[in-house]
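Here are a few exercises to work through with the model open in your viewer. Try each task before reading its solution.

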Amino acid sequence: MLAHPPSAPITIHNPAFTLQIRLKGGLNPGPLAERSTGFRYANAGYVYHVNSDLSGRPTYVTHRLTAGKDQTEVALVGRLGDLEITHVFVVKVREPYLDEIITVKNVGRETIKCPDIAFGFAHSLAGAGGGKRIRAGLGDARFLAVPYRRELLGRAGEYQDYSIEDLKGQGYYRIFTPGAQEPFPKVPTPEFGAEGWVWAMPGRCLVMLKHSQEGIEHSLLRVERPGKARSVLRFGGAGVWHGDPEAAVALQPGETVRFGGMRYIFVEGDWKKGYYAFRQAMEEFGHRVPPAFDPPVHWNELYDNKLWWGPDTPENRAKYYSLPQIEEEAVKASDIRCQALYLDPGWDTTFASTLWAEDRLLKAAEFVNLMRDKYGLAVSLHTPLAAWTDISAYPVEARRKDQDGKVLDALCSGAPAYIRTKSERLIELARAGVVYFMFDGSGYTGPCDDGAHGHSIGYSRQEHCRSILAIAQAVHRAFPKVIIELHDPVVAGVPVRYAPTYYMHGLPGSFDEVWAFEYMWDPMDDLLSGRAISLYYYNLAYSLPLYIHIDLRKDNEQALEFWWYASTCRHLGIGGKHADQKVWAAHKRAMRQYLRLKEFFVGGAFYGLQEAIHVHTLKERNRAVVVAFNLDDKPARVSAAFRPEDIGLDAGVEFMVSGAESRQRGSEYTVAFELPARSAALAEILPADQRP
Ligand SMILES: [Zn+2]
């Protein structure tokens, strides 16, 4: 027997919003309205879609309302066929956000296939008269993807920033197939997915972010007609987006899937305030610069080392990757005052064996001591994982098996023999004094049916990600301070993100930094084409550190490239000595300045005045560094106005600007830079009574 639902709606609210939940006639959360304006973000029936046979309002089963001092929680339970849906909303008394968690359970005896399962609030697009006119308020609305308003492969002028009309069309995602050539084609999709969205309207916005450390999930938007009714914009909730989360594509009898949490943040201000609110939420989830983070500036030997550019053979390793060649790089690193020598492919016995090549480079500990004592350098290593490796360097039990039980010439990242061997070798290197590992080659290793591996038959992407986590955890258990950088855990070293950027970060013993999307080969072109402008948006949305190394041979005499990546990647690596001595001298000057201000770039709060004017603020010192860029091929004057509180400085304190023209009018400051073509300049903002 099903219980009778209460006839009156449940209302939960705080100062930011009100949510009504109707239960009579089936579960129906909404409207969801902003208190200050009365605007109803959700003004139509909540969408519950399992598959073409199962959709509509879930039958009421029960509900529970728990009101505490700090928060109110409502748990609704309903049924759609054999699917039991538990729908939870949490409202904090003092926080301007609503949290939503959806769990589904197959209580029947048949598998439920649901590759396009989707739940979400709905906003009606129909005008009051039923015509095509969009409701007042929505016509001005913009929907911005977070964190990649500029997509990683997007060009100047291209933005993932849509009107409601745009959302009626097609979105896209980038497909990555191992072995495919760039440019990873866009695959059209009617559902728009991102880590978060900002629904921006004049003076206010709603941030809709998804946070899932289990399955890979996205925050989704779709214009659709549920039950052939009028068009709505569906937002929030949960759902499968091109195959993820894998666990929710089909539900076996008895199986439960708990989707990641959805957070709706009500923000006063423009879309940038929405981005900052997203960043604050991610910081609260643990995705932030760790306290006292001080990663060594890397010198990468790869750019000037012929091994990378020629075939990787034992002969070439001996010829190009023995101690004399590596010491030449250490001399450059020391000359420009880098803090660590980063060894890209070549330092180990064979590609990705992770076994130190003692015959060419002394014993690992001896090499580490030599670098420290002779050059003042720490040692960092490229240590690619199972997808990009010489498989003969690992036990045969670590290989994949196909459906017929045939052993394949490829490693399974989930094989215990692989995880154990890799972890032991990394720990051995950390014991020798290595301070940093780059987890490149982190791509999904593919299906595997070896029952002895202990993973599910088939091996999911999610399990693969967990296997990577296990290696990071093993290293960090033994050497907690070693810095681990992880590339995308599904597609690895390509300028595409598959998993959300925060995915698995912050879990105990997990990685410390994210790879800055392969902008290492032609960093100047990445910048001038607009692709690397994505890093500006990333920093508005995340303080989780990015790592990059850049090819200085592509830079100019103004060190434009150096400063762009120094300003957008909290952990910086450089390499490739420029042939022009004037450029090398400019790089040495830039490094001196960078090192003097390093704590601003590594640990400061990032504020964007414009795509080409960045601020790095140390709040506790009430000081900031401004970096201004001119990407144009002719001289330009760039300027921006701000109030101290806009950039994390104390209101009511008088500041002075050193290194740029400045003007003060009331509480507003203007900084201006006269910049040569394709150049960068720095200024410092400090309290006027701390004049240097
Ligand atoms: Zn396997």
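**Exercise 1. Find the residues between β18 and β19, and say which residue in the turn has a positive phi.**

Step 1: β18 and β19 make a hairpin, with two residues between them. Strands here are DSSP runs (E, at least two residues), helices are H or I runs of at least four, and both are numbered from the N terminus.
Step 2: In the turn, look at G203, whose phi is positive at about 80°.

A quick word on the ground rules. This is a predicted model, so local features need pLDDT of at least 70 and side-chain atom pairs count only at pLDDT 80 or more, while totals for chains, interfaces and linings use all residues. Numbering starts from 1 along each chain as its sequence is written.

**Exercise 2. Work out which strands pair with β19, and in what sense.**

Step 1: β18 (residues 196–201) pairs antiparallel with β19 over six bridges; a pair needs at least two DSSP bridges.
Step 2: Within that pairing, G196 has L209 of β19 as its bridge partner.
Step 3: β24 (residues 261–268) also runs antiparallel to β19, joined by eight bridges. Here C205 sits opposite V267 of β24.

**Exercise 3. Why is β19 largely enclosed by the rest of the structure?**

Step 1: Apply the burial rule: 20 or more other C-beta atoms within 10 Å means buried, 12 or fewer means exposed, and anything in between is partly exposed, with C-beta atoms placed from the backbone.
Step 2: Seven of the eight residues of β19 (residues 204–211) are buried, so the strand is largely enclosed.
Step 3: Now try R665, in strand β40 (residues 661–665). R665 counts as exposed because it has 8 C-beta neighbours inside 10 Å.

**Exercise 4. Describe how domain 1 and domain 2 meet.**

Step 1: Get the bounds, which come from an automatic or database domain assignment: domain 1 spans 10–284, domain 2 spans 379–604 and domain 3 spans 618–690.
Step 2: Over C-alpha atoms, the centres of domain 1 and domain 2 are 31 Å apart.
Step 3: The contact takes 27 residues from domain 1 and 29 residues from domain 2, where contact means C-beta atoms, placed from the backbone, within 7 Å.
Step 4: Helix α2 (residues 271–284) gives the largest share of domain 1's side, seven residues.

**Exercise 5. How many helices and strands does the protein chain have, and what share of its residues is buried?**

Step 1: Count 14 helices and 42 strands.
Step 2: Of the 692 residues, 49% are buried.

Methods: Two residues are in contact if their C-beta atoms, placed from the backbone, lie within 7 Å.
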